[in-house]
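Please read the report below alongside the sequence and the 3D structure.

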Amino acid sequence: LRHHPAWTQFIAEARKLGKPLVMRMNLNQQSSGDNWQTHRALMQTCSPIVDCGVHYVDVMCLMTGSRPKRVSAIGARLADDLVPGMYNYGQLQVTFADGSVGWYEAGWGPMMSETAFFVKDVVGPKGSVSIVMAETAGNVKSDDINAHTKTNQILWHHADMKTPDTRIDMTDEPSHDDLCEREQRYLLKAIRENIDLTDHMNDAVKSLKIVMAADRSIHEGQVVTL
């Protein structure tokens, strides 16, 4: 998502809201058929909040610029034929040193609801910014992989209640495959131009530590301090 032009703007707008931030994000997928088989294969080794959550936790870390302090999480096993100890629904909550808090929710499977499956919402002292994909994209289904990164519009609500709410239109957004290509082109550019990717690596490890701590929290039933 850090290579997606609309998401980088979403992050930039969230940084204007003041501190602390309240970050609410999810991506539930009502998968069936081949998509459900793909998800079942992924769940041989990791849960939805680990597989998907690492990307959105990375966004939270970019928005706050603060150190994550602790993580708690809940999970539920909604299918009997998953590998032992695996769950196909989870929600994590992370607290940052600056007082910011965020939650991320992810569920996979034919039993998942299509209601509010796509929430990308950030609140701060100065107002809120929200991705309003569902309002502008028509009948979007949660199993459409190209919809997972779409923004369509960013809605800016001002806490002073005097400034009218504003909408930032996002046009010419990359598809899922186009976004993957942008990632690869950036990596190629880094190799050719010897760009220092130390911060990228450290951020990736930090996000992975957070979602792995969430997985541990689910299995141990306790808050994990980072």
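## The loop between β4 and β5

S113 sits in the loop that runs between β4 and β5 (118–124); helices (H or I, at least four residues) and strands (E, at least two) are DSSP runs, numbered from the N terminus. With a relative accessible area of 39%, S113 is partly exposed. On this scale buried means under 20% relative accessible area, exposed means over 50%, and partly exposed lies in between, using a 1.4 Å probe and protein chains only. The side chain of S113 reaches the backbone nitrogen of T115 at 2.9 Å. This is a polar contact, that is, a pair of N or O atoms within 3.5 Å; within protein, one atom must be able to donate a hydrogen and the other to accept it, and residues adjacent in sequence count only if both atoms are side-chain atoms. Between the C-alpha atoms of S113 and W36, which are 77 residues apart along the chain, the separation is 14 Å.

A116 belongs to the loop between β4 and β5 as well. Its phi is near 55 degrees, a positive value in a residue other than glycine.

## Basis of the model

The model is predicted: local features need pLDDT of at least 70, and side-chain atom pairs count only at pLDDT 80 or more, while totals for chains, interfaces and linings use all residues. Residues are numbered from 1 along each chain as its sequence is written, and side-chain values use heavy atoms, with hydrogens and water left out.

S100 is found in the loop between β3 (89–96) and β4 (101–107). Its relative accessible area is 0%, so S100 is buried. Leaving out residues up to four places away in sequence, S100 touches K19, P20, L21, M23, T64, V94 and T95, where contact means heavy atoms within 4.5 Å. A polar atom of the S100 side chain lies 2.9 Å from the backbone nitrogen of L21.

K19 and P20, both among the residues touched by S100, are joined by a cis peptide bond with omega about 0 degrees. P20 lies in the loop between α1 (5–14) and β1 (22–27).

## The largest nonpolar core

The largest nonpolar core has 51 residues, of which F10, M25, M63, L92, Y104, V122 and V129 touch the most other members. Such a core is a set of buried Ala, Val, Leu, Ile, Met, Phe, Trp, Tyr and Cys residues joined through side-chain atoms within 4.5 Å. Helix α4 (residues 53–64) gives the largest share of this core, 8 residues.

F10 touches, among others, M25, M63, V122 and V129, not counting residues up to four places away in sequence.

## Helices α4 and α7

The axes of α4 and helix α7 (residues 198–220) come within 9 Å and cross at roughly 115 degrees. Axes are lines fitted to C-alpha atoms, for helices over the stretch in contact, and angles run from 0 to 180 degrees between N-to-C directions. Where the two helices meet, G53, V54, V57, D58, C61 and L62 in α4 face D203, K206, S207, L208, I210 and V211 in α7.

N194 lies in the loop between α6 (176–193) and α7. N194 is not a glycine, yet has a positive phi of about 55 degrees. Its relative accessibility is 70%, so N194 counts as exposed.

## Cysteines

The structure holds 0 disulfides, a disulfide being a pair of cysteine sulfur atoms within 2.5 Å. For C52, the closest cysteine sulfur is in C46 at 8.4 Å, too far for a bond. For C61, the closest is in C52 at 17 Å, also too far for a bond. C52 counts as buried at 9% relative accessibility, and C61 counts as buried at 6%.
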